[in-house]
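Visitor: I have just opened this structure. Please show me how to read its features, one by one.

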Amino acid sequence: MNVRWFYTALWRAAPYFIRRYLRRRGEKASAYLEHWGERFGEPYPNPVQNPIWIHAVSVGETRAAQPLVRELRKHFPDTPLLLTQMTPTGRAAAEKLFPDAQCRYLPYDKPEFIRQFLSEHRPHFGVLMETEIWPNLMHECSEAGVPLFLANARLSEKSQNGYLRIRSLVEPAMQTLRGCYAQTAADAERLHLIGASNVHVCGNSKYDISPTADMRECAAAFRRRIGNRPVVVCASTREYKGVDEAELLLKAWQGYHGDALLVIVPRHPERFQTAFGTAAGMGFKTQKRSDNTEVAADTQVWIGDSMGELFGYYLAADVAFVGGSLVDTGCQNIIEPVACAVPVLFGPSTYNFAAACKGALEAGAAKQVFSAQEWLYAVTHWLAHPEERAQYAGRAEAFVGRHRGASKKMAEIMAEAV
C-alpha cells in the first residue's frame, strides 16, 4: 500500500475531529475559535505574493526565526514576508515581532488545503523552523517548484524513533527538502537517519537573539514596581499529566523565609489564573502583573500574566528557573535567560534543549536541580552569595557569545540554494 495515499485518506475525516478539538481548546483559550478558515483551506483575502515564507509553529520557533529573517533580508531586501503558525500564541508573537509581515495560520496537511495556500501566495521559497514535518505540505511544495528548507532543525532520540516507525512516509518527504540545517551534529545524524539529505550543522539561531531596548525598559519598569527586593523568576512553567510545575515550586517556596519575590510566569495564558489561584490558596500574598500596580512590600508571589515580556522578566531577575524541566516536557528555552546574564537553574527533563543545557553546565553558566526542594536550596544559596551569582552571570555571557552566528550561516547557504 502507498503509505502517503493512506495518510492522505485519513485527512478526509481529520477536519471533523480537529474542529472538535479546537472547540474544546477554545473553552479555555478563546483565541482557538478564531481564524478557522485559514486552517481549513478557505481563500485568504489579499494574500501576499511571492514572499519569503517562514513557518514557525508557536512562540519559541517564532522567536528563533527573528535573527534568521534579519539575515535573509540582507540577501532579499525587496521580498515581502509571510509568517505562518499553528497556535494563537505563536500568531500573536509573529504579529508583534514582524509588524511588516503577513501573519496567518498554516492550513492543515490536506492536499487541497495546501494547494490553495501555495496557489494564493506562490512563495519565493519556504523555511520550516525546527521540526515541522508535514508530508503533504513538503510534497506539494516540491510539485509546485517552491524550494523548501528545514532550518534550526533539531530532533530528539525519542522523536527519531517515532519517525522511524513511519519511515516510508517520512523519508520521501524529507528528501524533497532543498536543505536541512541542524543545530548539532547529533541532530544532523538523527535527521539523516529519517531521510534528510544535504544536511549542514549550523548551530542554533536562538543564540543570536539579544534583549531589545524595549525589553530592557520593560525590565526597568518591573524593577520600579518591585523595588529593591531580590527577584526569583520561574518562567514558562508547564502542566504535564496532571502535575503542575508552578504548584511544585510554590509548595517548595513555603519553606522560604527571606524577602525575595517569587515571580511565576506560566508558559500558556490559560494557566495564568490557575497559578494565581494556587498561590493564593496556599496562603501567599499574591499579585498579578496585569493589575498594573506597585508590588506591595509584603507580596510574596507575583504572577507574570502577560505574553511577549519574557526577556523583561529575566532581565529583572536575580535568579531564573526555566520551566518545563521539573515536569517531563523537555525544558523551555534556556538560552534566553543565559543571554540575559542571569544565573540559571533547570530541572532533569531537558530533551528539547539537550545541547544547550549540557553546554551551559560545562561552561559553568547554569546549574541543574532534580526536585523543587533542590531548586529552593540552590536559590537560597545564590541569594546569600552574590559574588557566586556574578561569576555565573559572567560565564553565561561568554557562553552565549561563543555560539552566535548560526542565523548568518543558514541565510548564506539558503541564498545560494534558491
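Visitor: How much space lies in the largest cavity?

Guide: Rolling a probe the size of a water molecule over the atoms shows where empty space is left. Here the largest cavity holds about 50 Å³ of space. A cavity is a set of points, on a 1 Å grid over the protein atoms alone, where a 1.4 Å probe fits but cannot get out. Its volume is the space filled by probe spheres set on the points. Searching the whole structure turns up one cavity of 30 Å³ or more.

Visitor: What kind of model is this?

Guide: This is a predicted model: local features need pLDDT of at least 70, side-chain atom pairs count only at pLDDT 80 or more, and totals for chains, interfaces and linings use all residues. Residues are numbered from 1 along each chain as its sequence is written, and side-chain values use heavy atoms, with hydrogens and water left out.

Visitor: Which residues line the largest cavity?

Guide: Lining residues have an atom within 4 Å of a point. Among them are Thr237, Arg238, Glu239 and Asp244. The lining divides into three nonpolar, two polar and four charged residues. Asp, Glu, Lys and Arg count as charged.

Visitor: Which residue does UniProt list for "active site"?

Guide: The unreviewed UniProt entry lists Glu61. Such annotations may be inferred rather than shown by experiment. Glu61 lies in helix 3, residues 59–75. Helices are DSSP runs (H or I, at least four residues), and strands are too (E, at least two).

Visitor: Is Glu61 buried or exposed?

Guide: Buried means under 20% relative accessible area, exposed over 50%, partly exposed in between (1.4 Å probe, protein chains only). Glu61 counts as buried because its relative accessibility is 14%. Leaving aside neighbours within four places in sequence, Glu61 is in contact (heavy atoms within 4.5 Å) with Ala56, Met129 and Glu130.

Visitor: Why is helix 6 largely enclosed by the rest of the structure?

Guide: Seven of the ten residues of helix 6 (135–144) are buried, so the helix is largely enclosed. The buried ones include Leu137, Met138 and His139. Among the elements covering them are helix 1 (3–28) and strand 4 (125–129). Just after helix 6, Gly145 has a positive phi of about 75 degrees.

Visitor: Where is Asn333?

Guide: Asn333 sits in the loop between strand 14 (319–322) and helix 14 (335–339). Asn333 is buried, at 12% relative accessible area. The Asn333 side chain reaches the backbone nitrogen of Ile335 at 2.8 Å. Beyond neighbours within four places in sequence, the contacts of Asn333 include Lys206 and Phe353.

Key:
Polar contact = N/O pair within 3.5 Å; in protein donor to acceptor, adjacent residues only side chain to side chain. 1 Å grid on protein atoms, 1.4 Å probe; cavity = no way out; pocket = protein on both sides within 12 Å on 5 of 7 lines; lining within 4 Å.
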